[in-house]
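Subject: Structure handover

Hello,

Here is the structure for you to look over. Please open it beside this note as you read.

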Amino acid sequence: MIYLGWIGLCLVMISYLLLNMKNWKHWFLIMDAIGTAFLLAHGLIIQDMPFIIVNAFILIMLIFKQLKGGLI
């Protein structure tokens, strides 16, 4: 279960690299949301309330942005 945090960290970092690549920008929101979901699960496991609140807020905003049409 401790690997959830590391997986989330890697996915979030990769998503920001994709944001800087011209043809891969559309994957940013999806990959960042998945990575943030992993970090949220990690926060729930370790019971770190500020970490849970921040990642839940970020996840909600990413989903909202994706539903509104994405980055473009």
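Below is what was found, starting with how the model was treated.

This is a predicted model, in which local features need pLDDT of at least 70 and side-chain atom pairs count only at pLDDT 80 or more, while totals for chains, interfaces and linings use all residues. Residues are numbered from 1 along each chain as its sequence is written, and side-chain values use heavy atoms, with hydrogens and water left out.

Helix 2 against helix 3

Helix 2 covers residues 28–46 and helix 3 covers residues 49–67. Helices here are DSSP runs (H or I, at least four residues), numbered from the N terminus. The two pack at an angle of about 155 degrees, with their axes 9 Å apart. Axes are lines fitted to C-alpha atoms, for helices over the stretch in contact, and angles run from 0 to 180 degrees between N-to-C directions. Helix 2 and helix 3 are therefore roughly antiparallel (angles over 145 degrees count as such; under 35 is roughly parallel, 65 to 115 roughly perpendicular, the rest oblique). Helix 2 passes helix 3 in a left-handed crossing (the near helix is turned anticlockwise from the far one by less than a right angle).

Which residues meet? On the helix 2 side they include L29, T36, L39 and H42; on the helix 3 side, F51, N55, I58, L59 and L62 are among them. Contact means heavy atoms within 4.5 Å. The residues of this contact divide into 13 nonpolar, 5 polar and 2 charged.

Residues of helix 2

Buried means under 20% relative accessible area, exposed over 50%, and partly exposed in between (1.4 Å probe, protein chains only). The contacts below leave aside neighbours within four places in sequence.

- T36 is buried, at 3%. T36 is in contact with V12, N55, I58, L59 and L62.
- L39 is buried too, at 15%. L39 touches G5, G8, L9, V12, F51 and N55. The C-alpha atoms of L39 and L4 are separated by 6.6 Å, yet the two residues are 35 apart along the chain.
- H42 counts as buried at 16%. H42 is in contact with I2, L4, G5 and F51.
- L29 is buried, at 6%.

The aromatic pair

How many aromatic pairs does a search of the whole structure find? The search finds 1. Y16 and F28 form it, edge-to-face, at 5.0 Å centre to centre and 75 degrees between the planes. Rings of Phe, Tyr and Trp (its six-membered ring) pair if their centres lie within 6.5 Å; planes under 30 degrees apart count as stacked, over 60 as edge-to-face and the rest as tilted. Y16 lies in helix 1 (residues 3–19) and F28 in helix 2, so the pair ties together parts that are 12 residues apart in sequence. Y16 is partly exposed, at 42%. F28 is buried, at 6%.

The loop

Q47 lies in the loop between helix 2 and helix 3. Q47 is exposed, at 68%. Phi of Q47 is near 55 degrees, a positive value in a residue other than glycine. Most residues other than glycine have a negative phi.

Best regards

Methods: Ala, Val, Leu, Ile, Met, Phe, Trp, Tyr, Cys and Pro count as nonpolar, Asp, Glu, Lys and Arg as charged, and the others, Gly among them, as polar.
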